[in-house]
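Let's walk through a protein chain together, one neighbourhood at a time.

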Amino acid sequence: MTTCRSAPPRSRGLGLALLFLALLSGPAAQAQFIPYFGKNKVKYDNFAWRVYKSPHFEVFYYPEFEQHLARLVSYRESGYLKLSTGLKHELSQPIPAILYKTHSEFEQTNLYPTFVPEGVLAFAEPLRGRLVLPIDEPPDKLNGLIQHELTHVFAFDLIPRTLIQRDIPLWIDEGLADYFRGAWAPLDLMCASRCIIKSSGSQAPRK
């Protein structure tokens, strides 16, 4: 799932595209941590990737923002504790988190199947549970963004996604992410209201 600037993601197409490409990648691509999807994408920077391992994450970063690493890891571990406690669920493997210093560098990621759409702030992969985001948001927004996308990673683990089982109602995914973030996006509230009205309208009238 993605997070957009104006609101959390509205498009199912992204999740399905990521899911479809992951299924097609096969064992050879799965053996590599970062498969090269965006072969036609212009790349301006070569990132000197390093890996920092915390109790629940494998954080991929580069030296240009190493001074912020402790704070960023703290955000993630706090978010993990909140989710594991609230959902009473633990992930069996560390979560790969790929960080970019700026949004423009994030747009160069080769983990997205095409060009990153305008307004997308971050995304989490349905099958591999990878969390990909830039860090140039204000601290409160960045913390909320991490919590939102991390909730998707937990949801993907609790409700596995495949090409056969993929039609999870959007209000479930986004509502859960907004709930744990502690802030409700207007479009998510609108979606939930429409779902409730539709559900109420489908019931037989009481006699």
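Start with E125. In this predicted model, E125 is buried, with a relative accessible area of 5%. You will find E125 in the loop between β5 and β6. What does its side chain meet there? A polar contact of 2.4 Å joins the side chain of E125 to that of R130. Leaving out residues up to four places away in sequence, E125 touches L111, R130 and F156.

Now step back and take in the whole chain. Of the 207 residues, 45% count as buried. The accessible surface comes to about 11,300 Å², and 58% of that belongs to carbon and sulfur atoms. How much of the contact in this chain links residues 24 or more positions apart? Among contacts with a separation of 6 or more, such pairs account for 69%.

Next, look inside. The largest nonpolar core has 40 residues, and L133, L142 and L150 have the most contacts inside it. Several elements each supply at least two residues of this core: the strands β3 (57–61), β4 (95–100), β5 (120–124) and β6 (131–134), together with the helices α2 (69–87) and α4 (139–158). Which element gives the most to the core? That is α4, with seven residues. To see how such a residue is surrounded, pick out L150. Leaving aside neighbours within four places in sequence, L150 is in contact with F57, R76, G79, Y80, L83, I95 and L131.

Helix α2 is worth a visit too. L69 sits in this helix and is buried, with a relative accessible area of 7%. Apart from residues up to four places away in sequence, L69 touches Y52, V59 and Y61. Take Y52 from that list: L69 and Y52 are 17 residues apart along the chain, and their C-alpha atoms are separated by 8.7 Å.

Carry on to the loop between α2 and β4, where you will find K88. Is K88 buried or exposed? With 75% relative accessibility, K88 counts as exposed. The backbone of K88 also deserves a look: its phi is near 50°, a positive value in a residue other than glycine.

Now for the aromatic rings, which form 13 pairs in this model. One of them joins W49 and Y100 edge-to-face, with 5.4 Å from centre to centre and 90° between the planes. W49 lies in the loop between α1 (12–30) and β2 (50–53), while Y100 is in strand β4, so this pair ties together parts that are 51 residues apart in sequence. How covered are the two partners? W49 is partly exposed, with a relative accessible area of 31%, whereas Y100 is buried at 4%. Y100 also pairs edge-to-face with F106, at 6.3 Å centre to centre and 70° between the planes. F106 is buried as well, with a relative accessible area of 0%. These rings belong to one aromatic cluster formed by F47, W49, Y61, Y62, F65, Y100, F106 and F123.

Finish at helix α5. The buried residues of α5 are L170, D173, E174, G175, A177, D178 and F180. An α-helix has 3.6 residues a turn, so residues three or four places apart point the same way.

D178 and Q147 are 31 residues apart in sequence, and their C-alpha atoms are 8.7 Å apart in space. Just after α5, G182 takes a positive phi of about 85°, and there our walk ends.

Note on methods. Residues numbered from 1 in each chain as written. Predicted model: local features only at pLDDT ≥ 70, side-chain atom pairs only at ≥ 80, totals over all residues. Heavy atoms only, no water. Core = buried A, V, L, I, M, F, W, Y, C linked by side-chain atoms within 4.5 Å. Buried < 20%, exposed > 50% of the residue type's maximum accessible area, 1.4 Å probe, protein only. Helix = DSSP H or I, 4+ residues; strand = E, 2+ residues; numbered from the N terminus. Contact = heavy atoms within 4.5 Å. Polar contact = N/O pair within 3.5 Å; in protein donor to acceptor, adjacent residues only side chain to side chain. Areas by Shrake-Rupley, 256 points an atom, 1.4 Å probe, with all protein chains shown as cover. Phe/Tyr/Trp six-rings, centres within 6.5 Å; stacked < 30°, edge-to-face > 60°.
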